[in-house]
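Let's take a walk through this structure together. Have the sequence and the coordinates at hand, and follow along as each part comes up.

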Amino acid sequence: MDPVQQMELGDRLMLHNPVRITNTACSGTCPQRKLDILQQVAGIGFWELDLKTGHVWLDGRLQEIYGLSPGENNLGIELRTWRKYVHPEDQPRVQQGFWRAAELALPWRLQFRAIRPDQQVRHIRSEGRLEPIPNDQSVYFVGFEEDVTDRVALEQELERQAQQDGLTGTYNRRKMDNLLHQERERAIRYRQQLTAMLIDADGFKAINDNYGHEAGDELLHDLVHCCFRPCLRTIDHLGRWGGDEFLVILPETSEEAAYHVAERIRDQVETLQPGPGAITVSIGISAYQPEESPRDWLRSADFALYEAKRGGRNRITRYRSPPA
Ligand SMILES: Nc1nc2c(ncn2[C@@H]2O[C@H](COP(=O)(O)OP(=O)(O)OP(=O)(O)O)[C@@H](O)[C@H]2O)c(=O)[nH]1
């Protein structure tokens, strides 16, 4: 665009723009207008808290984010009324963060969930700082807030995908590896029993060879959703360890209790009919032993699985350490 065209475009836009800026102290757009534009484009709203009276003011954008009707907060609300909008699980963190920032005159920076009057939960990023007003006895906390609900949802979805096996929807190997470490730490700390189970489909290669890879995929999916999941509690972790092998971590579970779960799974798999053939699974069980590393613990489960295969398949074997 040449300079003449640019000026013409500028003139045309000015004719359509009802806000004509005449402040001679400004070059082009005045600071207030720039601020308004910034606020609209970024979707942020401003708040102000009078620390002396405990009154909070939310601007129009924030009233919208909090689901208040327009003008509802024009006169300000009590700090404790605002707190009612904060999700109960986030309240201790918000309260602690707030008093810390106020007492130590630190910048306030926090993300929390707000529950709107219509019960919608919004994720809010809030930032602010103390702002003494000259010639005024009050001290204000002033800041802005942004509705980051969509961003949080996207991050959660990406995280879910990063830890999931695409075919079966179970956790992937990396996530299970983390869980092995986490659950081991927890079991040690709270002196709880913990058991791992490796489940491997028997003769799965033949299923692929005879009925095709797609049928094999479908079978893996059905094993998970029709046989494994229904036999597990919500606190158990199920993941695809590789190929046709699955790992289950059973927190707060003895070897004996895990054996019963394995029996239910094995029975359930026998009822599944993939095409004209039948499928079975072999299962190796290993109870976590104090001082054992996650690697050794899993190696024991793998050894038990190997024994189950060697013993003729379609069976469950518990790990027994070799006599010293
Ligand atoms: N359809 C399908 N097949 C897979 C997938 N991942 C691995 N496999 C196949 O699973 C089969 C596993 O074969 P093996 O390890 O020999 O095990 P098996 O035939 O079940 O034999 P046993 O375990 O000894 O009873 C291989 O043919 C792999 O190609 C997958 O995502 N989809």
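## Two loop residues with positive phi

Glu291 sits in the loop that links β10 (281–287) and α11 (294–310). Its phi is near 80 degrees, a positive value in a residue other than glycine. Is Glu291 buried or exposed? Glu291 counts as exposed, because it has 7 C-beta neighbours inside 10 Å, and the cut-off for exposed is 12 or fewer.

Gln119 is exposed, since 7 other C-beta atoms lie within 10 Å.

## The model and its confidence

Please keep in mind that this is a predicted model. The mean pLDDT of the protein chain is 88, and 88% of its residues reach 70 or more. Over residues 13–24, however, the pLDDT is below 50, and this stretch has 6 contacts in the model beyond near neighbours in sequence. Where pLDDT is low, the predicted coordinates should not be read in detail. For the complex, the predictor gives an ipTM of 0.97 and a pTM of 0.71.

## Overall layout

The protein chain holds 11 helices and 11 strands. Of its 324 residues, 25% are buried. Among contacts with a separation of 6 or more, 57% are between residues 24 or more positions apart.

The domain assignment divides the protein chain into domain 1 (43–154) and domain 2 (163–318). How far apart do the C-alpha centres of domain 1 and domain 2 lie? The distance between these centres is 47 Å.

## The six-stranded sheet

Now to the strands. An open sheet of 6 strands runs in the order β3-β2-β1-β6-β5-β4, with antiparallel pairing. Its edge strands are β3 (77–78) and β4 (108–115), each of which pairs on one side only.

Strand β1 (residues 44–50) pairs with β2 in the antiparallel sense over 4 bridges. The two form a hairpin with 4 residues between them, and Gly54 in the turn has a positive phi of about 75 degrees. Val56 is a handy residue for tracing both pairings: Leu49 stands opposite Val56, and in β3 the bridge partner of Val56 is Ile77.

In a regular strand the side chains alternate between the two faces of the sheet. Strand β2 (residues 55–58) has Val56 and Leu58 on its covered face, with His55 and Trp57 on the uncovered one. Elsewhere in the sheet, strand β5 (residues 121–132) and strand β6 (residues 139–147) run antiparallel and are joined by 9 bridges. Within β6, Asp147 stands opposite Ile124.

## Around the ligand

Which residues of the shell are the closest to the ligand? The ligand is surrounded by 16 residues, and the closest are Asp202, Phe204, Lys205, Gly216 and Gly243. By class, the shell has 4 nonpolar, 5 polar and 7 charged residues.

Three elements each supply at least two residues of this shell: β7 (194–201), α8 (204–211) and α9 (213–228). The largest share, 4 residues, comes from α9.

Gly216 has its place in helix α9. This glycine is buried, because 22 other C-beta atoms lie within 10 Å, and the cut-off for buried is 20 or more. Leaving aside neighbours within four places in sequence, Gly216 is in contact with Phe204, Ile207 and Asn208.

Gly169 lies in the loop between α6 (149–162) and α7 (173–189). Gly169 is partly exposed, because it has 14 other C-beta atoms within 10 Å. In space, Gly169 and His221 are 8.2 Å apart, C-alpha to C-alpha, though they are 52 residues apart in sequence.

Note on methods
Residues are numbered from 1 along each chain as its sequence is written. A residue is near a molecule or strand if its C-beta atom, placed from the backbone, lies within 6 Å of it. Ala, Val, Leu, Ile, Met, Phe, Trp, Tyr, Cys and Pro count as nonpolar, Asp, Glu, Lys and Arg as charged, and the others, Gly among them, as polar. Two strands pair if DSSP finds at least two bridges between them. pLDDT is the predictor's confidence in each residue, from 0 to 100. Two residues are in contact if their C-beta atoms, placed from the backbone, lie within 7 Å. Domain bounds come from an automatic or database domain assignment.
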